[in-house]
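Look over the model below.

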Amino acid sequence: MKFLFVTDLDHTFVGNDNALVELSDRLLNHRQQHGTKIVYATGRSLSLYQELQQEKNLITPDALVVSVGTEIYFDGNNTTDSEWSNLLSPGWEREKIVFITQGFPELTPQPDSEQRPFKVSFFLQQQDSGIIPQLESELTKAKLNIKLIYSSGIDLDIVPLSSDKGQAMQFLRRKWEFAAERTVVCGDSGNDIALFAVGNERGIIVGNARPELLQWHKQNPAEYRYLAQDVCAGGIIEGLKHFGFLE
Ligand code: GLC
Ligand code: MG
């Protein structure tokens, strides 16, 4: 039976080369035989995704979710899905957000390639992460419809309230009519929490997951979520077998 496979890239799908080749082969077979759909959900922009795609020879996904869920691309098409961006536009005022963040010297802007129409990103050292609640309250006081996502003890993303990897995943799941039980999401860090938290899709946390995700998992245990022993794609194969998606 087909399923919807949604995975983060860095340190989840990618990071264990032998297992990546095995998993990719199995997914391609499943897609060909059963119509399984493959989706990448990454924090990277489209241009940084393309670098990784070439470097690791990644198989072509059925849809690509980039920039932490704020852009969706179908079938190697180079323009973002407008249905999705129309859902993110209301109440999103990028200039105002940038202006308010300038009052926080702890925030260092990420490279230009990672500043996107629906994403404003910074580096923020772990020891300074205590400013996040204050930043959030300044932004919401200004009536800005935003969400803050902190990953890996360094990356801070500001995105529309209605977007993240989890919302984008559910948008695709509904569009393609997959039940939550036939959907599996995989991740390792803070920006993946939304994939696991949004509903009761099956979840695989890879063995090398970051503390922020492990801590969230401990506080929100669920039987439809599996914590793998093995790292990266090896952990994904382990989880797919656990749920019976693969033999
Ligand atoms: C990727 C993106 C970066 C983002 C991070 C966490 O590394 O390039 O902009 O902050 O993921 O979501
Ligand atoms: Mg990752």
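The centres of domain 1 and domain 2, taken over C-alpha atoms, are 24 Å apart. The model is predicted: local features need pLDDT of at least 70, side-chain atom pairs count only at pLDDT 80 or more, and totals for chains, interfaces and linings use all residues. Residues are numbered from 1 along each chain as its sequence is written, and side-chain values use heavy atoms, without hydrogens and water.

Q: Into which domains is the chain divided?
A: The bounds come from an automatic or database domain assignment. They give domain 1 (4-82 + 163-243) and domain 2 (88-160).

Q: How many residues does the contact take from domain 2?
A: Contact means heavy atoms within 4.5 Å. Domain 1 gives 17 residues. Domain 2 gives 16 residues.

Q: How many residues of the shell around ligand 1 are charged?
A: Asp, Glu, Lys and Arg count as charged. The shell has one nonpolar and four polar residues. The charged ones number five.

Q: How far is a polar side-chain atom of aspartate 157 from an oxygen atom of ligand 1?
A: A polar contact is a pair of N or O atoms within 3.5 Å. For lysine 119, a polar side-chain atom lies 2.7 Å from a ligand 1 oxygen. For aspartate 157, the distance is 2.6 Å.

Q: From which domains does the shell around ligand 1 draw at least three residues each?
A: The shell includes Gly43 and Glu114. At least three residues come from each of domain 1 and domain 2.

Key:
Chains lettered and ligands numbered in written order. Near = heavy atom within 4 Å. Polar contact = N/O pair within 3.5 Å; in protein donor to acceptor, adjacent residues only side chain to side chain.
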